[in-house]
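Subject: Structure for your review

Dear colleague,

Please find below the sequence and structure that I am handing over to you. My findings follow directly after it.

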Amino acid sequence: MAGTTEGRLARVEARLDIGQLPIRYALAVDQRDLDAWVALFVPDVDMGRRGTGRQALREFIEPQLRWFYRSVHLLAGHRIELGPGYAPTTATGQVYCRAEHEVGDRWIVMAIRYDDTYRLVDGEWLFERRRERHWYAADLAEHPQAVGFDSWGTGGPPALPAADPAWDRFWAGSPDSRLSSR
């Protein structure tokens, strides 16, 4: 049925619905709408050692959102890979984002890629998992290289681009050691 008009339409609709999730996420974060934000995730979202469910997610994210006052999340592309079948119930994706945060008297700019897993629950596409990976986080007045790519203290060196296996393969054997994973 995947080759039928009905099957193709189901896949197009899934892509359109999933494509709205990152936009709704960015709006919820920037508006500090925690109810809208947690509703974007599956009810049984796995928070690891913090537990499962939307309440565990909310308890994790609320203090994170209080770390900065104002924010702007600008999305710059979304790749969606649908699961099998003419009416998929799972998908994965990657979203590029430039995020800006007011942290005290600093204005932190971040280049982010979100690696997502989506699941269809009761007819609605939701995030099953959202992994945030950074290229850098630096004050607007700083060059990312000058501050070790992390002047905001987001957790050490950036995950990207070295998290992608193709990166190391591309730079393998390069005489410049800066060009491979750290």
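Which residues of the largest nonpolar core touch the most other members? In this predicted model, they are Y25, W37, F41 and Y118, and the core counts 37 residues. At least two residues of this core come from each of helix 1, helix 2 (34-38), helix 3 (54-65), strand 1, strand 2, strand 3 and strand 4.

Four of them form an open sheet in the order 1-2-3-4, with antiparallel pairing. Strand 1 (71-82) and strand 4 (124-139) each have a single partner strand and stand at the edges, so one side of each is left without a neighbour in the sheet. On average, neighbouring strands of this sheet are turned by 20 degrees against each other, direction ignored.

Strand 1 and strand 2 (residues 90-103) run antiparallel and are joined by 10 bridges. Here I80 has G93 in strand 2 as its bridge partner, and E81 stands opposite T92 in strand 2.

Between strand 2 and strand 3, which also run antiparallel, there are 14 bridges. A99 stands opposite M110 in strand 3. The hairpin of strand 2 and strand 3 has two residues between the strands, and G104 takes a positive phi near 60 degrees in this hairpin.

Finally, helix 1 (residues 5-31) lies across strand 1, strand 2, strand 3 (106-121) and strand 4. Helix 1 runs at about 160 degrees to strand 1.

Yours sincerely

Key: Residues are numbered from 1 along each chain as its sequence is written. This is a predicted model: local features need pLDDT of at least 70, side-chain atom pairs count only at pLDDT 80 or more; totals for chains, interfaces and linings use all residues. Side-chain values use heavy atoms; hydrogens and water are left out. Two strands pair if DSSP finds at least two bridges between them. Helices (H or I, at least four residues) and strands (E, at least two) are DSSP runs, numbered from the N terminus. Axes are lines fitted to C-alpha atoms, for helices over the stretch in contact, and angles run from 0 to 180 degrees between N-to-C directions. Contact means heavy atoms within 4.5 Å. A nonpolar core is a set of buried Ala, Val, Leu, Ile, Met, Phe, Trp, Tyr and Cys residues joined through side-chain atoms within 4.5 Å. Buried means under 20% relative accessible area, exposed over 50%, partly exposed in between (1.4 Å probe, protein chains only).
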